[in-house]
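Please keep the sequence and the coordinates at hand while reading.

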Amino acid sequence: MLLFSLIATAQSEEIETVKDTLIYKQKYGLRLGADISKIARTFVDDNYTGLELMGDYRLTKRIYLAGEIGNEERTIENEVLNNTTKGSYFKGGIDLNFYRNWLDMENMIYAGFRAGASTFSQTLNSYGVYNINNQYWNEQVSINESEEFKGLTATWLEIQIGIKAEMFNNFYAGFNVQLKGLITETEPNNFENLYIPGFNRTYDSGRFGTGFNFNLSYLIPIFKKDKIVVQEKEADE
Amino acid sequence: MNRIKFLILSIATLLFACERDDICAATTSTTPRLVVEFYDVVNTDDLKSVSRLSVYGEGLVTDPDTSLDETLVFNTNTNEITLPLLIGNENELNTSRFILEKDTNLRLDENDTTNSNMDIIEISYTTEYVYVSRACGYKSQFIGLSLNVEADSDLWISNIEIVESTVQDEDTVHVRIYH
């Protein structure tokens, strides 16, 4: 060892380099998974039931075809109303991997682009009539007859920023955050969409929504491609 | 690799949604009150204050001696009042009745030979619930407004004109009372 380093320092003035080509096998295939956060929330939160399945298919070194399909039921409850949204959604698009992997690793730091669509219904379970002067006649108006608004739809565009890491062989864990912009929605008569499955809650201030996803997935390898890495290396003597 | 694993786990635990409950802002237009202005019966374009007016819902209080929660105005010279209406059931004809007492000071003073003049108005309307927002829920608006003065031997109200038959907000005057 000592001898090696002595030689190395002695030769440092005049290193000869050669090009060395390394070939790593890269797995291509279908990766299927589920959003664990929605499953966990289903157990923890009485006002939420949801499941999201996701999949991606690797097209090239950096580009993945990706999509999610899900079903959600969410009850929003506050002082003035109680509303349950139920429905399904689909999101499709691509993921672009920006991460330069070391050696044979296949992790991702990616940007995802999606178009989303949802069909759902809203049930207004109860509501109150807001009146700041209600103490005058001592009148509290609340309505407990539920009213269902069916056949509602919404579409949106979404950007995701996320990571996926191979925890062990073919088994991945990932996380992403989502920014959504609502494109179209059918509004119920004399009410509004408080929650849209897949889009999550809406805001009074605008057409934007947010979301996140914590996922576990499994890669079914279909074929392998070579990843060729050219390295400059010291010439052996 | 290890850093990525750590990042995933820490962000996931952090983000178990905490949603802020929205609050209905005081500036939001919710259930409106009825805005009434008093005009001169001779020069019908001129506002005319009612002397020593007291206004209160019928049945809530009788002959109040001081300003109470039930008195919307008490013993005041004014040419405008705002009346909170009973909401009642949707799509039904509802009524609110108010006592408009002019010259309240004459009832309050020691002199028993003079008294105030009470006129009772009955306001009828159909209630409609209108969605406002997730924080405020619904408000009520009142359509097909009509207003009657209950007949008595000494009315100080001469005439009533409905300017706006739908009460949607408090930005406009809905009713003119001439006296």
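What share of the contacts in chain B with a separation of 6 or more comes from residues 24 or more positions apart? In this predicted model, such residues account for 55% of those contacts in chain B.

## Chain A

Chain A contains three helices and eleven strands, and from the N terminus on these elements follow the order α-β-α-β-β-β-β-α-β-β-β-β-β-β. Among the contacts in chain A with a separation of 6 or more, 66% are made by residues 24 or more positions apart.

The radius of gyration of chain A is 27 Å, whereas a compact globule of 237 residues would have a value near 18 Å. Along the principal axes, the C-alpha trace of chain A spans about 100 × 35 × 30 Å. Buried residues make up 29% of the 237 residues of chain A.

Chain B has two helices and nine strands, which run α-β-β-β-β-β-α-β-β-β-β from the N terminus on. Of the 179 residues in chain B, 27% are buried.

Five strands of chain B form an open sheet in the order S3-S2-S5-S6-S7, with antiparallel pairing. Because S3 and S7 of chain B stand at the edges and each has a single partner strand, one side of each is left without a neighbour in the sheet. From one strand to the next, the twist averages 30°.

Within this sheet, S2(B) and S5(B), the latter covering residues 93-102, run antiparallel and are joined by four bridges; Val55(B) stands opposite Leu100(B) in S5(B). Ten bridges join S5(B) to S6(B), again in the antiparallel sense, and here Leu93(B) stands opposite Thr126(B) in S6(B). The antiparallel pairing of S6(B) with S7(B) extends over eleven bridges, with Ile123(B) opposite Leu147(B) in S7(B). S6(B) and S7(B) also form a hairpin, with three residues between them.

In soluble globular proteins, nonpolar side chains tend to be buried together. The largest nonpolar core of this model has 34 residues, of which Leu34(B), Val55(B), Leu83(B), Leu85(B) and Phe98(B) touch the most other members. Strand S6 of chain B, residues 117-133, contributes the largest share of this core, namely five residues.

Where does Phe98(B) make its contacts, once its neighbours within four places in sequence are left aside? Phe98(B) is then in contact with Val55(B), Tyr56(B), Gly57(B), Glu58(B), Leu83(B) and Ile121(B). A second, separate core consists of seven residues, including Phe120(A), Trp156(A), Leu194(A) and Tyr195(A).

## The contact between chains A and B

Between the two chains, 28 residues of chain B are in contact with 29 residues of chain A. On the side of chain B that touches chain A, the elements giving two or more residues are helix H1 (2-14), S6 and strand S7 (137-149) of chain B. H1(B) gives the most to this side, with six residues.

Sorted by class, the side of chain B that touches chain A comprises 17 nonpolar, six polar and five charged residues.

Two loop residues deserve a separate note. Asn190(A) has a positive phi of about 55° although it is not a glycine, and Asn190(A) lies in the loop between strand S8 (171-185) and strand S9 (195-196) of chain A.

In chain B, the phi of Asp63(B) is near 45°, a positive value in a residue other than glycine. Asp63(B) is placed in the loop between strand S2 (50-57) and strand S3 (71-78) of chain B. With 13 C-beta neighbours inside 10 Å, Asp63(B) counts as partly exposed.

How values were computed:
Residues numbered from 1 in each chain as written. Chains lettered and ligands numbered in written order. Predicted model: local features only at pLDDT ≥ 70, side-chain atom pairs only at ≥ 80, totals over all residues. Buried ≥ 20, exposed ≤ 12 C-beta atoms within 10 Å, placed from the backbone. Core = buried A, V, L, I, M, F, W, Y, C linked by C-beta atoms within 7 Å. Contact = placed C-beta atoms within 7 Å. Rg over C-alpha atoms; globule rule 2.2 N^0.38 Å. Nonpolar A, V, L, I, M, F, W, Y, C, P; charged D, E, K, R; others polar. Pairing = 2+ DSSP bridges. Axes fitted to C-alpha atoms, helices over the stretch in contact; angles between N-to-C directions.
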